[in-house]
Amino acid sequence: MAILTKTDQLVRAGNATWSHYLKTAVRSPAELADRLKIPVKAICGDQSCGDFPLFVPEPFLGRMEVGNINDPLLRQVLPIHQESVVQTGYTSDPLQESEYTLTSGLLKKYKSRALLMLNGTCAVHCRYCFRRHFPYPSNSKSPNWMSEALTQIKRDTSIQEVILSGGDPLSWVDGQIEQLVDHFEAIPHVCRLRIHSRLPIVIPARITERLVKRLGLSHLQVIFVVHSNHANELDHEVALACDRLKSVSTVLNQSVLLSGVNDSVESLIALSERLLEIGVMPYYLHQLDAVEGAAHFLVPVERGIELIREMRATTSGFLVPRYVQEIPGEPNKVVLA
Ligand SMILES: *Cc1c(COP(=O)(O)O)cnc(C)c1O
Ligand code: SF4
């Protein structure tokens, strides 16, 4: 008789909830190495990845190829020694976000949109993340930071769209999201709610019936921007989650151009084709932000532009994302190609 792992049993019983996957996420380099049958010395020790520990939940881990140290999903989460090599030009706040803060957790960098950062919990720790050094605990937040943020949104009638960002905003439970939606619905000038989340990809079970039902009842136009960097991330469960989202919203994808993950025309086209197959439109391909510890993911802008040109010459126009970079002080994200 085959021996089922704990996770298999839960999945078979149909009751593996998203919070279970967060609780049981792999946090130890040794365990990750053991699961994927890769040498533990390929990973940095616990100490050197201390300020941004390894964190990868089962559904994402399950899409990695056992024994492949170069797996494109593994590379996104694997803390390696190169992270601690100091690189000039790489800083802990590359976007100078602190300049655009209206009130704690609320950024208004671009016209008509405000970005509300719910907290620092993510469903996976992406090594290239520009928020990896973000001082979440100290940044957040007086007990009434949310009512202060809501007051600001009410006061600024130019804000038509509220963007929930993170961490990952869907790490808030359904009841909390429902309350937030109630608040936004009561603000006359807010007509769109955008949710930037990696959870539909990492733990598709997060897209619960309850969440979908509440969003479907809203007069707000809802837009999801999910975050996937490689076609291998988009398995059947993710497709089902995106179906649920599509029933109540527009679903777009943003990716980051990452060396060793998706820096080839073939890989980028495969990602776009798979996204289209599951009904998600490619939106942005981000140039990597120069954040400390992420230099090994850098693809030079010239190479990125070349990749986009090759994509455009090869495939349908709607499969080609906008290649963008955030440049502090610009009135919008700058389109590179
Ligand atoms: C990216 C971003 C937005 C949204 O920009 P779009 O081009 O509309 O997708 C809004 N606010 C901040 C702070 C952002 O970084
Ligand atoms: S899920 Fe998003 S915010 Fe969280 S670590 Fe990954 S890229 Fe960063």
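Colleague: In strand 2, which residue is the bridge partner of T101?

Modeller: This is a predicted model: local features need pLDDT of at least 70, side-chain atom pairs count only at pLDDT 80 or more, and totals for chains, interfaces and linings use all residues. Residues are numbered from 1 along each chain as its sequence is written, chains are lettered from A and ligands numbered from 1 in the order written, and side-chain values use heavy atoms, leaving out hydrogens and water. Strands (E, at least two residues) and helices (H or I, at least four) are DSSP runs, numbered from the N terminus. In strand 2, T101 has as its bridge partner L107.

Colleague: How do strand 1 and strand 2 run?

Modeller: Strands pair if DSSP finds at least two bridges between them. Strand 1 is joined to strand 2 (residues 106-107) by two bridges. The direction of these two strands is antiparallel.

Colleague: Which strands stand at the edges of the sheet?

Modeller: The sheet is open, has ten strands in the order 1-2-3-4-5-6-7-8-9-10, and its pairing is mixed. Each edge strand has a single partner, so one side is left without a neighbour in the sheet. The edges are strand 1 (101-103) and strand 10 (334-335).

Colleague: Is Q254 buried or exposed?

Modeller: Q254 belongs to strand 7 (residues 250-256). Leaving aside neighbours within four places in sequence, its contacts (heavy atoms within 4.5 Å) include H196, H227 and Y284. Buried means under 20% relative accessible area, exposed over 50%, partly exposed in between (1.4 Å probe, protein chains only). Q254 has 15% relative accessibility, so Q254 counts as buried.

Colleague: Which residue is joined to G166 by a cis peptide bond?

Modeller: Omega of this bond is about -10°. The partner is G167.

Colleague: How many residues of the shell around ligand 2 are charged?

Modeller: The shell (a heavy atom within 4 Å) holds C122, V124, C126, C129, G167, R198 and H227. Ala, Val, Leu, Ile, Met, Phe, Trp, Tyr, Cys and Pro count as nonpolar, Asp, Glu, Lys and Arg as charged, and the others, Gly among them, as polar. The shell divides into four nonpolar and two polar residues, and the charged count is one.

Colleague: What is phi of K37 near?

Modeller: K37 sits in the loop between helix 3 (29-36) and helix 4 (58-61). At 57% relative accessibility, K37 counts as exposed. Its phi is positive, in a residue other than glycine, and near 55°.
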